[in-house]
Amino acid sequence: MSPARAARKPRQKKEKSLVEDVIEALEAGKPVRRDLEGGRLHIDRPLPFLCLHVGEPDSHVVAREVATANASYLVTPRIEDAVELIGPIAAVLRKKFGTFVLLDVDELQRDRLLSDDAPFLQPFEVMLSATREPAARRAMDAFETAVEAFEARFRTPHVELCAAEEDPCVRPELLSLKLPLLTLRFAPIYRVTGSDATYPDLRERLVDNFLDAGLRAFAAFLEADGFPKPATYRAFGRKAFIDAVERADRGMDEVASSFDFLLAVTPINANAAWQEFKANRFDRPPRFLYRPLSLLVETQKRRLYSISLDRLEDPVLHQIYREKQQELDLQLTLIGAREKARFVEFGRALYGPVEPSLRKAAAEVLDGTGDAKRMPPAADDDEVVDCFYVERKARSMMMHYHKHYDGFDAAIELRDDVPAGLLVSGRRLLISRRTRMMRHRVDALLSHEVGVHLLTYFNGSAQGLRVFRTGLSGYEGMQEGLAVFAEFLAGGFTPERLRLLAARVVGCDLMLAGASFVESFRTLTQDYDFDAETAFGLLLRVFRGGGLAKDAIYLRGLLSLLSHLKAGGALDPFWMGKISAGHFSVMEELGARGLLKAPILRPLCLETERGRARLERARGGLTPLTMLEA
């Protein structure tokens, strides 16, 4: 190349260093996600703290997981690399927020308090230190309080406090930064002594507890330093889903979408089975026919457990997906055991037994509604309507929701292969062509199916993770409780309906106790005065697949919801997606962290004066029987 041409060659732009790149992102308020050699820097939004772990990736794994569970963390094998990044990061964040604190997390080399000849499990060491700033000392005290409140299972913590300058575990390189500093060291009690194995449950418990304690400590530090107090300390947690979470979510949804559990275990010959049962004078059990299975259970289970949950980094989300994985496994097991003797026990594992308190509540309802069959309907509500009327009303309700949110794109299918009534499957409302019902029940039933089941499906779809539309583990009980409550808000909750829900509990209890279809039928018709066709339809649901205890969840869920409302609980988190009562606090936390949106849609029955008035009465305390008087 000639000198002249060389002179004309444009100068290459100097590549920005990692530090410059990080600082530029933080100053612009952007997230920082950078893979480092043997480590990672992750700040999902600028925050006035950073959690640090220094060590090789496979050494102190719980300390590393505690660090990476935070919204702002740095993990690296070399302290020199950490110092090079922390100084500039702290400077820009301190300028932005007026304050900053660093938490250094690691494990002690060994579990010094454990001895083989002890008659009980000894406490385990936790060492905490802080620099001399009053806010740092306040943070250390909050951390200590949180650690001492760890659930006392297996071993309890023994906490030692000291000043950072006197702590032999403090890294001098971090002290040289002149930053407010907390140092945490804990015994590796999650490791099996003399082995490379770990105790998985204890490992997860440590991560959850130390993460929680750290967030409390950050909140105490910031409050002491004059930082505006958030609604909850958990608001300092993650506000972004990482790629590993989205991959796990997609994988779980693909498995869940590969089968429809209820359709797989619901008979397709309901009418023919009823006619046969009636022709046999109710003395022989009916023969049920089922859809041929279009999936190979073993294949779907392999897909299910090929989904990695190891790198989700967020303990709350890890727990959600692990529970969902186990639930899908059990549903697939049930499908594989359809019409086999062991089906009923797998169903008991999925939906639980009929507990004595639920059986007692059902008996009270049946006693209190004994005259329901003899109560004539109001004169203007005694018209019987068919599936086409229900379809028109359903379409009208769906159009209303679609106008408010165009993502509500539900479909309606008229079907011959489902029992009389309505059923929601994903985004579809399935209406049996055999459906006949009293006109005054239509709005209530659509409030149940469309206003709760479909509404929470589409609200869950809008959350960014599909698990909220598929349903968190165990969601069905509260979902059905909400749906029945929606019938009440809509003004169509009748004694007959409540009596049917209670009888479902009785039917499940009989089935789980070993009663046959014929024996259960006689109990319902002779002891509780149900007509033959109603008793048959109820028991078809109970004995489907070989015996499914699902139908006990309607009354159980309603009782749980009424208790929740009486205690002052809110309803909004339940509209965010399909969740269980046990996930209520999880939804509140994820909402506080900004990971979930407020529900886009709320049930139509809550937009009426009647619905709002009934909700207020429920907050004052109602039982299933007093709901009939409200």
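In helix α24 (residues 584–592), the residues Phe584, Val586, Met587, Glu589 and Leu590 are buried, buried meaning under 20% relative accessible area, exposed over 50% and partly exposed in between (1.4 Å probe, protein chains only). Helices (H or I, at least four residues) and strands (E, at least two) are DSSP runs numbered from the N terminus. The structure is a predicted model, in which local features need pLDDT of at least 70 and side-chain atom pairs count only at pLDDT 80 or more, whereas totals for chains, interfaces and linings use all residues. Residues are numbered from 1 along each chain as its sequence is written, and side-chain values use heavy atoms, with hydrogens and water left out. An α-helix has 3.6 residues a turn, so residues three or four places apart point the same way. The cover over the buried residues of α24 includes α12 (315–336), α17 (467–470), α22 (553–566) and α23 (572–575). After α24 comes Gly594, with a positive phi near 85°.

Arg593 is placed in the loop between α24 and α25 (609–619). Arg593 counts as buried because its relative accessibility is 3%. Its side chain makes polar contacts with the side chain of Asp314 at 2.2 Å and with that of Glu589 at 2.7 Å. A polar contact is a pair of N or O atoms within 3.5 Å; within protein, one must be able to donate a hydrogen and the other to accept it, and residues adjacent in sequence count only if both atoms are side-chain atoms. With neighbours within four places in sequence left aside, Arg593 is in contact with Arg234, Ala235, Gly237, Arg238, Lys239, Asp314 and Val316, contact meaning heavy atoms within 4.5 Å.

An open sheet of 8 strands shows mixed pairing in the order β1-β2-β4-β3-β5-β8-β6-β7, where two strands pair if DSSP finds at least two bridges between them. Strands β1 (32–36) and β7 (157–163) stand at the edges with a single partner strand each, so one side of each has no neighbour in the sheet. From one strand to the next, the twist averages 15°; axes are lines fitted to C-alpha atoms, for helices over the stretch in contact, and angles run from 0 to 180 degrees between N-to-C directions. Strands β5 (residues 101–107) and β8 (residues 181–186) pair in the parallel sense over 6 bridges, and Leu103 stands opposite Leu182 in β8. Helix α2 (residues 18–27) lies across β1 and β2 (39–43) and runs at about 165° to β1. Helix α5 packs on the sheet, touching β5, β6 (124–130), β7 and β8, and its direction makes about 170° with that of β7.

Glu148 belongs to helix α5 (residues 134–148). Glu148 counts as partly exposed because its relative accessibility is 48%. Not counting residues up to four places away in sequence, Glu148 touches Pro157 and Val159.

An open sheet of 3 strands, also with mixed pairing, has the order β10-β12-β11. At its edges stand β10 (411–415) and β11 (422–425), each with a single partner strand, so one side of each is left without a neighbour in the sheet. Neighbouring strands of this sheet are turned by 25° against each other on average, direction ignored. Strand β10 runs parallel to β12 (residues 428–432), to which 5 bridges join it, and Ala411 stands opposite Arg428 in β12. Helix α15 (residues 387–404) packs on this sheet, touching β10, β11 and β12, with its direction at about 170° to that of β10. Helix α16 (residues 442–461) packs on the sheet through β11 and β12, and its direction makes about 5° with that of β11.
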